[in-house]
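Hello,

Here is the structure we talked about. My notes on it follow below.

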Amino acid sequence: MAEKSAKRDRIIEAAKSCFLNYGFEKTSMSDIAKQVNISRTAIYQHFENKEAIFCAIVEQLHQETLAQAAIALTQQQGTITQRILEAFESRMIVLFALVADSIHGDELTDINSRVAAKINRDAIADFTQMLTQAIKTAVSQSEIQLSRLELSSFEAAELLVNSAQGLKQAATSVEDLRGRLKQLIRVFEQATISF
């Protein structure tokens with residue numbers, strides 16, 4: 001079982017490398033098999049097709065970034081806004097950088113929205129829930145106030161996530177997105193800081 005899981009992970013890593021270097025359309029199952037040093041038939045024992053491999057990559061990336069965001073939000077150091085910014089950094093910048101650094105970024109973004117839409121929606125919902133809990137805790141500890149904004153913790157989290165998604169669409173580079181996220185969190189901090 002462990003060997004099967006390890007082979008599956010190697011296929012995912014090889015496919016990720018191929019997709020980033022050659023694009024989704026130009027990558028064949030043979031290209032992936034060659035990089036893993038297994039037969040093409042062996043890949044089909046783990047994945048139905050290229051789309052299934054792509055979805056496995058997306059799922060893995062979301063799991064990794066959500067785990068890092070959870071660590072950022074639950075740490076005891078820093079203010080809530082610093083923790084939120086670190087969570088967005090862990091969650092969004094890492095994913096953005098992957099496609100921004102690839103000449104096939106636009107193609108991969110398009111494939112991602114078509115093939116892995118449900119996986120992406122679920123991950124966004126998970127992150128929003130995680131953020132909601134962190135904001136709720138910060139409110140209960142009087143670290144921030146949402147009453148002036150007439151927002152619930154969930155509404156504040158959803159507003160931040162949706163705003164960040166919009167900023168990602170407009171960003172031209174990793175540094176541009178990082179700067180825009182800092183501005184967003186600074187606005188949130190100023191609007192919710194206790195006086």
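In which sense, left-handed or right-handed, does H5 pass H8? The crossing is right-handed, meaning that the near helix is turned clockwise from the far one by less than a right angle.

This is a predicted model, where local features need pLDDT of at least 70, side-chain atom pairs count only at pLDDT 80 or more, and totals for chains, interfaces and linings use all residues. Residues are numbered from 1 along each chain as its sequence is written, and side-chain values use heavy atoms, without hydrogens and water.

Helix H5 covers residues 80–100 and helix H8 residues 153–170; helices are DSSP runs (H or I, at least four residues), numbered from the N terminus. Their axes come within 12 Å and cross at roughly 35°. Axes are lines fitted to C-alpha atoms over the stretch in contact, with angles from 0 to 180 degrees between N-to-C directions. In contact (heavy atoms within 4.5 Å) are Ile84, Phe88, Met92 and Phe96 of H5 with Leu160, Val161, Ala164, Gln165 and Lys168 of H8.

Phe19, Phe24 and Phe54 form one aromatic cluster. Rings of Phe, Tyr and Trp (its six-membered ring) pair if their centres lie within 6.5 Å; planes under 30 degrees apart are stacked, over 60 edge-to-face, the rest tilted. Phe19 and Phe24 are tilted, at 5.1 Å and 45°. Phe19 counts as buried because its relative accessibility is 3% (buried is under 20%, exposed over 50%, partly exposed in between, with a 1.4 Å probe and protein chains only). Phe54, at 6%, is buried as well.

Regards

Technical notes
Helix = DSSP H or I, 4+ residues; strand = E, 2+ residues; numbered from the N terminus.
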